[in-house]
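Welcome, and please open your viewer.

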Amino acid sequence: MSNEMEEQQEQQETQENQQQNTLMEQIQKLGQTNVAAAESNIHCLTIIGQIEGHLALPPKNKTTKYEHLIPQIIAIEQNEKIEGLLVMLNTVGGDVEAGLAIAEMISTLSKPTVALVIGGGHSIGVPIAVSADYSFIAESATMLIHPVRMSGLVIGVPQSFDYIEKIQERITRFVVEHSHISEEKFKELMYSKASLTTDVGTNVVGRQAVEYGLIDEVGGVAQALGKLHQLIEERRGKQRVNRVMQ
Amino acid sequence: MVLYTLIPMEQIFGEEEVEDEKKKKRRTIDIGGAFLEVAQVNEEEYEIVRLISSNPSHFLDARFQPGKKIGLKPFWH
């Protein structure tokens, strides 16, 4: 009796969802990601182009979407086989809330994290770069530090200016707390009129970022991965000690 | 929403170029542990445009290389 019902149900389902089933099969066929892929104990977040948040940007923009990054960060925290995270940054900035959310998540990850800025890590890319346990910048990479603006909108009431001030404050506080730069220095760079010809702010190149205390070290892929391996080893050591103590 | 970027707003939200017919048919699919951005090339086939994954070994996997065609019946048809 129950077998018959099952059969009937199955038939119905096949008829109704034939197309959907083929799709599922095909996705499943494709989705066996663990077959050939070697397990890596280091995962890598690539943050490129515009950081896209609550508003989808027109398709001509190359974007990194927070709905892709956030589940990846959670998966990295939960998967026991993953021991460290490398954050690669080449971004022109983007959504403030999304950028700060990503920065907060990276900084609160229990596993070792290393960030490497290549090309550029501008605007909201700055808090993300400093959110990792240790940060590197490539010799030729730059970071543009400038004030938050509401372009295209007239600031008509003092409240909206206040709102921008508060956003500015959140970014500054995060950067100061997660790097060795002082608040005064960061603000000085942000409001400098001497560096950029058409705008307020400073373009900080490679070594300068280290001198200001914004980034920990100048380096590339080998240095970043080397540091991450070192942090992973240290963490393993601590865990062993903890186990022995218990 | 506030954007904090060095790209001018006009450039971000400005006029789209015409070639975007192809971009409209793009979809992001979840393949379990990673995302694939695919673009429709014809009724039956999709082309991989971008792989979004934090696992570096995914990028060495021949099945996920950008430009590779995959058969995928769109479920919205």
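Two residues are in contact here if their C-beta atoms, placed from the backbone, lie within 7 Å. Keep in mind on the way that this is a predicted model.

**Stop 1: Leu86 of chain A**

Select Leu86(A) to begin. Which residues does Leu86(A) contact once its neighbours within four places in sequence are left aside? Colour Ile42(A), Cys44(A), Val114(A), Leu116(A), Ala224(A), Leu225(A) and Leu228(A), and you have them.

**Stop 2: the core around it**

Now widen the selection. Leu86(A) belongs to the largest nonpolar core, which has 53 residues. Together with Val87(A), Ala115(A) and Val117(A), Leu86(A) touches the most other members of that core. Next, pick residues 96-107 of chain A: this is helix H4, which gives the most to the core, with 7 residues. Apart from this core lies another, of 5 residues, and Ala34(B), Leu36(B), Tyr46(B) and Phe64(B) are among them. As general background, nonpolar side chains in soluble globular proteins tend to be buried together.

**Stop 3: Ser123 of chain A**

Stay in chain A and select Ser123(A). You will find it in the loop that links strand E4 (113-121) to helix H5 (125-131). Is Ser123(A) buried or exposed? Ser123(A) counts as buried because it has 28 C-beta neighbours inside 10 Å, and the cut-off for buried is 20 or more. Look at the backbone too: phi of Ser123(A) is near 50 degrees, a positive value in a residue other than glycine.

**Stop 4: chain B as a whole**

Switch to chain B, with its 77 residues, of which 16% are buried. How many helices and strands does chain B have? There are 2 helices and 5 strands, and from the N terminus on they run β-α-α-β-β-β-β. Of the contacts in chain B between residues at least 6 apart in sequence, 17% join residues at least 24 apart.

**Stop 5: the sheet of chain B**

Zoom in on E2(B) and strand E3 (residues 35-40) of chain B, an antiparallel pair with 5 bridges. To finish, select Thr28(B): opposite stands Glu37(B) in E3(B).

Conventions
Residues numbered from 1 in each chain as written. Chains lettered and ligands numbered in written order. Predicted model: local features only at pLDDT ≥ 70, side-chain atom pairs only at ≥ 80, totals over all residues. Helix = DSSP H or I, 4+ residues; strand = E, 2+ residues; numbered from the N terminus. Buried ≥ 20, exposed ≤ 12 C-beta atoms within 10 Å, placed from the backbone. Pairing = 2+ DSSP bridges. Core = buried A, V, L, I, M, F, W, Y, C linked by C-beta atoms within 7 Å.
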